[in-house]
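Here is a short briefing on one protein chain. Keep the sequence and the 3D view open as you read.

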Amino acid sequence: MEIDLQDDERLDYLLAEDLRIIQSPSVFSFSLDAVLLAKFTYVPIKQGSIVDLCSGNGVIPLFLSARTKAKITGVELQQRLADMANRSVDYNQLNEQITIVEGDVKTIPKDLGIEKHDVVTCNPPYFPAHEASNKNLKEHLAIARHELHLTLDEAVQSASQLLKQGGKAAFVHRPGRLLDIVTAMRANRLEPKRIRFVYPKEGKEANTLLIEGIKDGKPDLKILPPLYVYDEKGEYTEEVREMLYGEN
């Protein structure tokens with residue numbers, strides 16, 4: 001199947017899922033965080049509705065499509081990224097399962113339906129807006145990485161509004177924002193239930209946080225075993241290798 005690539009776009013493999021994705025070094029390329037979130041989050045196997053907020057080039061909907069038959073909607077503010085995502089969905093012939101919506105996370109619950117969805121995933125911007133003043137940072141990347149158009153509180157609020165009672169929301173963020181995200185979740189009826197810290201390798205501080213909450217859930221938080229990205233040889237650990245390449 002032919003595909004129309006623009007500028008510096010390339011077609012990369014998602015090896016474990018046997019899918020392809022459009023990426024661009026100057027516009028958007030997904031990071032390991034997206035892989036970690038897609039593997040961490042609960043998904044219904046057969047049916048239901050999943051919403052992925054801050055979808056970028058659609059990587060999380062693509063990952064999730066290999067794990068579930070549920071309908072998946074990706075929400076992306078930036079037209080260029082939403083277009084990349086749509087073309088990837090087309091290329092993989094997943095249009096019946098995945099819908100990409102160009103829209104604002106803050107207002108999207110009104111469009112997609114309040115309390116209508118089973119699962120929400122979100123890989124929000126990590127960095128405060130003032131850190132985006134670096135003139136070398138391209139606009140697409142600045143918006144994806146910095147809270148220029150969306151704060152953590154706003155992302156959590158939208159996730160809660162989208163979810164049915166008992167629905168699950170999963171986020172990936174930085175460990176330094178743990179208290180912020182827990183506070184925001186509890187303020188929006190999302191009770192944190194599972195947390196996993198991700199470490200570059202043993203002996204290093206955690207640099208990534210995965211957290212999942214249940215809407216109106218009862219307090220009972222599980223701290224999962226640590227996830228190490230690299231082993232002592234500087235190679236991916238077995239767990240990460242399996243996530244990326246489908247290898248055991």
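A residue counts as buried when its relative accessible area is under 20%. Asn92 has a relative accessibility of 14%, so Asn92 is buried. The model is predicted. The notes below start with the whole chain and then turn to single places.

**The whole protein**

- The protein has 248 residues, and 50% of them count as buried.
- Its secondary structure comes to eight helices and eleven strands.
- Take the contacts in the protein with a separation of 6 or more: residues 24 or more positions apart account for 69% of them.

- Where is Asn92 found? Asn92 sits in the loop between α3 (79–91) and β5 (98–102).
- Not counting residues up to four places away in sequence, Asn92 touches Leu19, Arg20 and Leu62.
- Leu62 is 30 residues from Asn92 along the chain, and the C-alpha atoms of the two are separated by 8.8 Å.

**Asp12 in strand β1**

- Asp12 belongs to strand β1.
- Is Asp12 buried or exposed? Its relative accessible area is 19%, so Asp12 is buried. The cut-off is under 20%.
- The side chain of Asp12 makes a polar contact of 2.8 Å with the side chain of Arg10.
- A polar contact of 3.1 Å links the side chains of Asp12 and Gln23.
- Leaving out residues up to four places away in sequence, Asp12 touches Leu19, Arg20, Ile21 and Gln23.

**The loop between β1 and β2**

- Glu17 lies in the loop between β1 (10–14) and β2 (19–23).
- Asp18 lies in the loop between β1 and β2 too.
- Glu17 has 11% relative accessibility, so Glu17 counts as buried.
- Asp18 has 65% relative accessibility, so Asp18 counts as exposed.
- Which residues does Glu17 contact, leaving aside its neighbours within four places in sequence? They are Lys39, Phe63, Ala66 and Met243.

**Positive phi angles**

- Asp18 is not a glycine, yet Asp18 has a positive phi of about 55°.
- Asp7 is not a glycine either, and Asp7 has a positive phi of about 45°.
- Asp7 lies in the segment before β1.
- Asp7 is exposed, because its relative accessibility is 72%. The cut-off for exposed is over 50%.

- Helix α1 covers residues 32–40, and seven of its nine residues are buried.
- Helix α1 is therefore largely enclosed by the rest of the structure.
- The buried residues in α1 are Asp33, Ala34, Val35, Leu36, Leu37, Ala38 and Phe40.
- Two packed helices are described by the angle between their axes and the distance between the axes.
- For α1 and helix α8 (residues 238–245), the angle is about 90° and the axes are 10 Å apart.
- Why do α1 and α8 count as roughly perpendicular? Angles of 65 to 115 degrees count as roughly perpendicular, and α1 and α8 pack at about 90°. So α1 and α8 are roughly perpendicular to each other.
- On the α1 side, Leu32, Val35, Leu36 and Lys39 meet Val240, Met243 and Leu244 in α8.
- By class, this contact of α1 with α8 has six nonpolar, no polar and one charged residues.
- An α-helix has 3.6 residues a turn, so residues three or four places apart point the same way.
- Lys39 of α1 and Met243 of α8 take part in this contact. Lys39 and Met243 are also among the contacts of Glu17.

**Cysteines without a bond**

- How many disulfides does the count give? The count comes to zero disulfides.
- A disulfide needs two cysteine sulfur atoms within 2.5 Å.
- The sulfur of Cys54 has its closest cysteine sulfur in Cys122, at 3.9 Å, so the two are too far apart for a bond.
- For Cys122, the closest cysteine sulfur is in Cys54, at 3.9 Å, which is too far for a bond.
- Cys122 counts as buried, because its relative accessibility is 0%.

Conventions:
Residues numbered from 1 in each chain as written. Predicted model: local features only at pLDDT ≥ 70, side-chain atom pairs only at ≥ 80, totals over all residues. Heavy atoms only, no water. Helix = DSSP H or I, 4+ residues; strand = E, 2+ residues; numbered from the N terminus. Buried < 20%, exposed > 50% of the residue type's maximum accessible area, 1.4 Å probe, protein only. Contact = heavy atoms within 4.5 Å. Axes fitted to C-alpha atoms, helices over the stretch in contact; angles between N-to-C directions. Parallel < 35°, antiparallel > 145°, perpendicular 65-115°, else oblique. Nonpolar A, V, L, I, M, F, W, Y, C, P; charged D, E, K, R; others polar. Polar contact = N/O pair within 3.5 Å; in protein donor to acceptor, adjacent residues only side chain to side chain.
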